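Work through the exercises below with the model open. Try each task before reading its solution.

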Amino acid sequence: MASFKPTKIPIYPKLGEKVTPDTLYWKNYKAPVQIKEFGAVTSIDFSPLAPHNYAVTASTRIHIYGPFSQEPVKTFTRFKDTAYSGKFRSDGQLLVAGCEDSVVRLFDVSGKVALRVFKGHTKGVHVTDFTSDCYHILTGSDDYTCRLWDIPNSTELTSYKEHTDYIRCGTTSKLNRDIFITGSYDHTLRVFDARVEKSVMTMDHSQPVESVLLYPSEGLLVSSGGRYVKVWDLLKGGQPLVSLKNHHKTVTCLGLSSNGQRLLSASLDRHVKIYNTTNYKVVHNFDYAASILSLALAPDDESIVVGMTNGVLSIKHRKSPEEKQEVAGKQRVRPVYRVFVKGRNYVPKKDDFFVSKPVKSHLAKYDKQLKRFNISKALDTALENRKPDITVAVMKELDRRGTLKNALAGRDEQNLSQLLNFLIGNVVDPRFTPVLVTATEMILDIYQAVVGQSSVVDRQLVRLQELVEREIDYQQDLLEVLGMLDTLFATSLPRKEVILKTSCILSINLHLVRNSFILYL
Amino acid sequence: MVAHAEIRVVHRGGSKINFREPVITNDSRFLLCASGESVKVYSSSSEECVHDLQGHTDLVSGIARNPSNHLQVYSCSADGTVRLWDFTDGILIKTFIIGYPIYSIYVSEKHGGVVFVVVPMANDKSSELFQLVAVHLPRSGDQEVEARELSAVLCDVSPSPGAASFGREGEYVAAAKGLQLEVFFFKKQKPYRFFLKPGIKKGSKNAFTCVSCHPKEDCIATGHADGKIRLWRNFNQKKEYTYSTLHWHHGAVNTLQFTPEGTNLLSGGIESVLVQWRYTQENQKDFLPRLGAAITHIAVSPDGSLFCTSHSDNKITIIQSCVKVSAIIQGLVKSEGVRTDLMIDPRSKALVLNGKPGHLQFYSLHRDKQLYNLDIVQQEYINEEGLDQFEVVKAAFDAHGDWLATVEERRQKGSELEINLKLWAYDEQTQSFVLNTTVTAPHEDQITAMCFSPSPETTMLVTISFDGHFKAWLLGASWSCDFVGGYHLLKPGCCCFSADGSLLAVGFQEVVTVWSPSSWELLTTLSQPPGAIRDLCFGRLSCSKYLLGTSTKNQLCCWNILTCSLEWSTPMDVSLLQADPLSENIAAFCSQSGCSDLFVFKPGEPRPLYSQRALCTGKVQHAIFAPRDQMLESCEEHAQWLNRSQLYFLTQHMDLMTFSTKTEEDRLLASSKRLMVDNSVAVTPFYLLLGKHRLQQQQQQQEALTNPMAERIQLPQGSIAIKELLYTPAHVLPSASFLCSMFVRSLLISSSSARPEFNPEHPVQELELCRPPHTGRVRIPILVYYRLHTIYSSPHTI
C-alpha cells in the first residue's frame, strides 16, 4: 500500500524580487513586538549606555523601555501637556524633553522629578538636544526661536530668531560643541555656531522640514520634508547632493544604521525605506500598519523601533543564531504530557539498534479531501487559500483526474462569484493561464443556462470577458513587436549565416518584412 | 547463410507472474505462481524465488494444492499435461497426460484422485467453447501416465479460472459465463441454471466476471462487469432462489474470494483497492487502498492469515490479514509499449524501461528481479479508465550513471500537450536518483529523442523535438539551456553523439547535420536521398570515424566522417541499429516479410560477423547490449561478438529475448546445480550447531534407501555425532542433559522407514525422547528449540 502522494505545487520563478545581502540582513528580524501607548509616538531615542534603554515620548509621558522588556522600566509623567523630543545625554545620565506648555524639563534618568526647568519659550518646544560638551541644551520652539541653555545654572545663553515658521527638528554636532542645525516649516535648514550671532549656513529644502540627520563624519547632512529626502554637503557650503523621492507621503523621520552604510527614512505612507548611502538606491523596504512618526535603531542594529500615529510602538529584534538554536531546543524538550517526555532525553549508546517509528505524513486540507475524492470540497478549500499557485495546482490535479467539471458544477451564486473573482484575478497570469482557461471554458459551459439570473455573476462575467479581450489585444501587439524585432535581427546577421539558411528562411523574413511594412503604414 | 547451432535465441527473465492466481502453501511460507512455461516458488517472507519448477512445454495455466498432501501441487498447462510437483525440493513427481490444452484446474477435497480441468470442447479444438471435465488420475508408479478417464461435468463454461468455484465440501460446482450462472450438484448429478436479465440501458454490463463459493454455507458470490457483487442463496431450487446485491466497485469486479472460514469476502477490481466485506454484515467493509494497479487475482492462505493479490502490472502483493502489505514480488512490468526504449543503467547494469504508469523500472537481468521503481511523475495515480495520465516517454543516462534525464508528457483532448523534462542526480547516500531540476515545457512539441554527451568534461544533454529545434542543456552551477539549433525548420528525428563526444549528429528528415558541441557550429551536412533518416549511430573504438544511418526507404548508409563521404550503403529495411558500447560491433535488426533478421557487423568491414534469419515474427523495435559481468571466453569466430556483452531484444509480443551460447548455458546449468542446497531451513543457533549432522544423517539415510547393500546397523562409535562429542572440548559443548538424548538415540537401532524424530506429527514422542534420563527434569528451552528445529527441517513425507 503506497502512501497518498500529495498534490505537487509547482515552483514558479519569482520575478523582480532578488535576494541580496541587504534583503537577507534586513529580513533577519523577528516578528515585531507591539506596545500600545497613550497617544501618537512622536520621538524615540536610544540611550548610549550599555543596556541601551530607549525613551519613547508619547502624549504627556516619556516611557523608558529596557531592550527586551515590554513594560516600561521607568516613566516620567511630570508634564502638563503633550511632551516632545525626549533625548538622552551622551553619558546616558540625563534626559531632556520639551513640552507643548513651552517649558523644557531636564530629568535624571534614575530620578523622578525634573532636575532643572527651563522657562523662556512662549510656545510649545518640539526640539531639544544636548550639545557635545554635555553642559548646554539646544531647544527649538513653535515661537520661531531656537535657544541654548546652560544646565548648571539653568539660564538661557543665546536665542536665535531667524526662522520664520515653527522649528520642528534640529540636531547638535557631536564633534563641535558650538555647532547645531535646525530645520523649520519655513522650508529652510540653518546651521548655527554658538560663537557667532547669526546662522552660518542656510539651505532651502523647499518643503516644511520634518527631520534632520547629521552623518557621523558630519560632512553630510540629511533632511526630510514633504515627500523628499535631501542630502547636503556641508563641506561644500551646503550644496545639495541628492534629492530622493521614494515615498508618496511626508517623510517624518530619518535614521542611520550603525555602520553608517544605510540610511533609513520613515514616512506617513506607512513605509520605512532603506537606502544605500553610496548610491542612494533603495535596498529594502518595511511595511507597517499605520503612518509612522518616529523611528530609531539600536546600536549594532539590534532592534528597530518605530512609533506610529495610532500610538502603537513596534519593536523588531534581530534574530541571533544561538537564540534560534535555543528556541528549537526548548521546543524539543517541552513536556506536553509527562508521558511524552519519557525516554525523550535518552541518548542512544554506540551499539544500540535503532528502530525508527514510521513518520506520519501530514497532508494539507485539500489533499485530505482529494484523498477521499471529495472534489468539490477540495476546490472550495483551495479557493479559500490565499496563494493562487496552490489553487491552480489543485485545479490542475482535478483536471488530471477528469473531475474538474464536476467540481465546478453545482455552485450557488456566492460560490460562483468567488470562483469568478479568482479567475478575474489570475486568468491572465501567464503561469496559470493554461489551467484557468480550461476552467473558464468549463464554467461557461456549465452556467450558460443560468446567465441573466444573478446580477453579481453577470457583472463578473462581463468583466472577465473584457479582461480576456484586452489580453488578446495585448498579446497580438506583442507578437507584432516580436515580428519586427525578428526582422531587425535577421538583417543584422552576418552574411554567411544567411547563405547557410536558404530560401525558406529568407521567404519567412520577407514575409515578416512585408508584415512590418503593413504595420508601419 | 551459416548455420549457428551454438547460438540460440532464448527467453531470459521478465515473464508474467500475474497470469493466474497464485497459491499459498499450507504453512504460508511459500507462494507458487505460474510464470510462462514454469512454476515459480517464492518465499513469502523474503520475496526471493526459491525454486523454478520447469517441465511444461507450454504456458502454465493453473496451479492447485494437492488436497491429500500439503507439500505437493498440481499444475496444468496448455501443453495438455497436469504435473504433480514437490515444491519444497523442486522435484517433478508425476506427469499426467490429458491430451487437450488445459485452461484452468480445480481440485476439491471431497473428490480424491480427481482433478477438474477446463478443456476445449473435444470435438472441435479451435472452437471457442470450453467444458469442465473431471479427470480421474490413475494410481500408477510410473513417472508419466496417460489419464484418459475424462467425464464432462459442465458444458459451455468460461476458460477463465475465476469463473468457476467449488462449493461447500465439494458438493456442487458453480460456473458463470456471460449472463448465466450454472450450479451443478454432484449428489443429484443435476445442474441448475440462473439467468440475469441484460441491463436495459447499458447492454451486457451486468455480465458475470467471477464466482466464489462460501466454504461453509450454501452461498455463492458472483462479481459483475458493472461493479456489483451478488450473493446467491437457496439455489438448490429452480424457483425460489434469492440474491442480495453489494455495490462498491465502480469498475468491473475482477476477482472474488471467500476467506477459508467464510467470515469475510474479498473483492478487487481496477480501483486497486482490496475490499473486505464481512459475511452477513455486508455494510461493514474494510479497505486496503492504493495497491498500485488493478487487482486481477486474490488468493488466501489455508489458515487465512495471509492474502495475496496479483496486479495487472505483473506484481504480487502479500498482505497480512488485510492490514499491512508485508511483501511485494514484482516482475518485469510490460505496459503496452516501451516508449522509453531499453536502457542499461551504467551503475547497476540493470535494464531500465518504463514500468508502472509514471515510473521507471530498474530490472536486474542477471538476477531476473526488479531492483526498484523510480517514481518519475510523482503524482497520485488514479485508477480509472479513460483518463489521460502522465507517461514517461523518454529517458537517458549519462556515461557514468550520475545523471538521469526523463521526459514525461500528457496529451489531453482539446488542451495543450504538457511536457516536463526532469533531471535526476544520483545520490550516493540513498543509492538512488533524486530529482534535481524540472523543466516545464522544454519544447513546444513532442520530444523525439534525447541523449547525453559522453565527453567526460561536460555534462550535456541534447533533446530533439518535433517543433523543429534541438536544445542543448548544460550543467553549470545549475542546468541551463546552452543552445537552440535547427535546420531549415525541418523536423529532427534522431540524434547521436560520437564516442568521444566531440561530434553531434542530428537527423533532420533526409539530411544528417553534424555539429560541434563545443562551438555549436554546423560542421557538415550529409544526405543520401531518398528517404528520411530513421536512426543514426556512430561507430565505436577503432571504427569511430564511421557514422551509420538508416532511412525509411530501406537504405543503410555508412559515412566516413573524416572524408565526409559515403563509405558504403546497402538496401536493407533496418528497423533498429544498436551499437555495442564495449566493442566495434553494431547490431542491425531488419524486417523482411513479417520476420526479423539480425546482422552483426563492424562498420569498417563489409562482411557481417553474424547473421540470423527469421529471429522472430514481427518487427524488433527495442534492443540493447547489456555488458556481461564476466567475460566469456569463446573462441568460435561467429560467437565472439557475444563475449563482452549480451544482446537483449523485445519482440512485438513484448517477450524479452536474448542470445545464448553453448558455453554460457553450460555455466548456467552448473550454477543452478550449486543452488540446489536446501536454503529454506531457518538458521537458528541450534541449526548452526547440529544442522550439519542432520544433513549427513539424511544423506546416509538416503544412501541406505537407494542402496540395499549399505543398509546395516551403524556402530555407535562410528556415528559422527559421537565422534564430535568425544573429541570436542567440554566447555564448547551444549549442556550434557541435552546431548544425552542424542547419545541415547544414537544407541537405538534406526529403522529404515520414517524415523520418529523427523516426523513433525509426533511431537509427544519427541518430548519423551528428549527428557534426560538421569535427571528426569525437562529442559524447556532446548526442547522448544529442538521441536522447532525438527519442524523446520522436516523432510518430505512421500
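**Exercise 1.** State what share of chain A is buried.

Solution. Buried residues are 45% of the 521 in chain A. Buried means under 20% relative accessible area, exposed over 50%, partly exposed in between, with a 1.4 Å probe and protein chains only. The model is predicted: local features need pLDDT of at least 70, side-chain atom pairs pLDDT 80 or more, while totals for chains, interfaces and linings use all residues. Residues count from 1 along each chain as written, chains are lettered from A in written order, and side-chain values use heavy atoms, without hydrogens and water.

**Exercise 2.** Find the residues with the most contacts inside the largest nonpolar core.

Solution. Start with the rule: such a core joins buried Ala, Val, Leu, Ile, Met, Phe, Trp, Tyr and Cys through side-chain atoms within 4.5 Å. The largest has 35 residues. Its most-contacted members are A:Met395, A:Leu398, A:Leu408, A:Leu420, A:Leu436 and A:Ile443. Next, take A:Leu436. Leaving out residues up to four places away in sequence, A:Leu436 touches A:Val392, A:Met395, A:Phe422, A:Leu423, A:Asn426 and A:Val427; contact means heavy atoms within 4.5 Å. Finally, look beyond this core. A second, separate core of 19 residues includes B:Phe589 and B:Leu615.

**Exercise 3.** Is A:Leu479 buried or exposed?

Solution. Locate A:Leu479 first: helix H10, residues 455-492 of chain A. Helices are DSSP runs (H or I, at least four residues), numbered from the N terminus. A:Leu479 counts as exposed because its relative accessibility is 59%.

Key. Helix = DSSP H or I, 4+ residues; strand = E, 2+ residues; numbered from the N terminus.
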